[in-house]
Amino acid sequence: MNVDYIISNCQVVKPANTFHAAVAIKNGKIVLIGDQALMAESGITAKNVIDAEGKYLLPGCIDPHMHVDWPDWETVSATRSSTKAAVAGGYTTVINFLNGTDTLEENFLSSKDCFEKNSYTDMAFHMAIFTDEQIKEIPRMAELGVSSFKFFLPYRGSEVVAPLKGIDDGTIYMGLKEIAKLNAPARALIHCENVELVFKLKEKYMGNEPEGLTWDDVRPPVCEIDGVRRILTFSEDTGCPVYVVHTSTEEAVKDMQQAKGNGIDVRTETCVQYLTLMATDYDRTLGKVNPPLRMDKRHLNALWDGINNGSVDTIGSDHAPCARKHKPDFWSAIVGMAGIQTLLPVLLSEGVNKGRITINKVAEICSYNVAKTFGLTPQKGLLEIGSDADLILVDLNKTVTVKAEDLYHISDFSCFEGWELTGSVDMTMIRGEIVMQNGKAMVEPGYARFLPRVAAPKE
Ligand SMILES: [Zn+2]
């Protein structure tokens, strides 16, 4: 058999093990994994052979948490720049949040069209829900292949950020009941923070700011812990599978782990910024994000431990490419930071190269667990025969210094500015096509394909 590519001499990384092998790729799929002798025995010849000596080959990363155009960018350029940053950072699929105010179906169809014309990565969508009318559209959206829905506990009253709208707990509860009527992979994603506490703390600190006040003082851990406990209660009552986005505290990780033991279907996501940055590590205005970067290092340590003991399931980017212009001062700064291009290099440098996690964990939490949770396996998330050839080649020894001006996303700053990161992505392949090599895009925007994730109603 003549194949399109053989990637030879590499360390193949799966969640369970690492081994030296070659991988053969034809028509966008992985067709054989084995040593050179097996390739010869099987009569495999290739048009292109990539000698990847000394490099690690991983399944492409899948971002479960992307906001390409947050807060107010023009969608075409934002989609192009955010997904170009994604492939440069080792991401082959992104699941983007749609926060529109139209009907869900209209919003989905126009966003899908925009991604199909402009994205570098393959994509799926989560839809945010704010109203009773949108809850009625859930079964139809699941039919169209959008089966995950996001609810926000903390954007209400003075904390609403356009285009998000306020939603109360009763509406969230009714939304969970509707999703519970669907089979897998239907799931509710929840941003868990108690906003009533935030209102009071804002009142206390605004205009009366103590020295060194951080966003963590205004939205302390108790906000997240309370939100997570409430959602676990709702999940248990409704039977709706849930996914807690951007978990940032030790208690929340532990509560969810305990809930899993009690049979609640909950998945725990964290982000690389909560593993590596504290509230005082970066400019408190540019680094303003919800939930906040924490003041107490025990939370960071608990998140690393959570990855290792399996209580943290996935890493999301929460890529929300705010620029300096969106952050004039501490109180009026819009929350969010760009991060899709630096996520994997930070995880490789601070996690793998510092001995905190194995490279196998990276394949597990950045690819396999995301694909499994959101219904993308076996097409995505697996480095196996028959799966899409979505692959990245990683050099664990290459050091790159982060400079915002070198990053492709639309934001003009990075919270990791100046960090020397050891571990970088040399090559990104999607469906057997090299889309990025040594930081240079090799395909045109619009290479993307939409990945439907249909959830059927329960009988
Ligand atoms: Zn987010």
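1. In this predicted model, the largest cavity holds about 160 Å³ of space. Its lining comprises 16 residues, and H67, W70, Y155, D318 and V335 are those nearest the centre. By class, the lining of the largest cavity has seven nonpolar, seven polar and two charged residues.

2. The structure has three cavities of 30 Å³ or more. The second largest cavity contains about 70 Å³. Among the residues that line the second largest cavity are T214, W215, D216, Y282, D283 and R284. Five residues of this lining are nonpolar, two are polar and three are charged.

3. As for open sites, the volume of the largest pocket is about 430 Å³. The largest pocket has 19 lining residues, with A88, Q341, V400, L407 and S424 nearest its centre. Eight of the lining residues are nonpolar, eight polar and three charged.

4. Which strands each supply at least two residues of that pocket lining? They are β14 (391–401) and β15 (420–430). β15 gives the largest share of the lining, four residues.

5. A bend of about 35° is found in α14 at I365.

6. Is α14 mostly covered or mostly uncovered? It is mostly covered, with 13 of its 15 residues buried. G375, which follows α14, has a positive phi near 75°.

Note on methods. Residues are numbered from 1 along each chain as its sequence is written. This is a predicted model: local features need pLDDT of at least 70, side-chain atom pairs count only at pLDDT 80 or more; totals for chains, interfaces and linings use all residues. Side-chain values use heavy atoms; hydrogens and water are left out. On a 1 Å grid over the protein atoms alone, a cavity is a set of points where a 1.4 Å probe fits but cannot get out, and a pocket is an open set with protein on both sides within 12 Å along at least five of seven lines; lining residues have an atom within 4 Å of a point. Grid points are joined across faces, edges and corners, and a volume is the space filled by probe spheres set on the points. Ala, Val, Leu, Ile, Met, Phe, Trp, Tyr, Cys and Pro count as nonpolar, Asp, Glu, Lys and Arg as charged, and the others, Gly among them, as polar. The bend at a residue is the angle between axes fitted to the seven residues ending there and the seven starting there. Buried means under 20% relative accessible area, exposed over 50%, partly exposed in between (1.4 Å probe, protein chains only).
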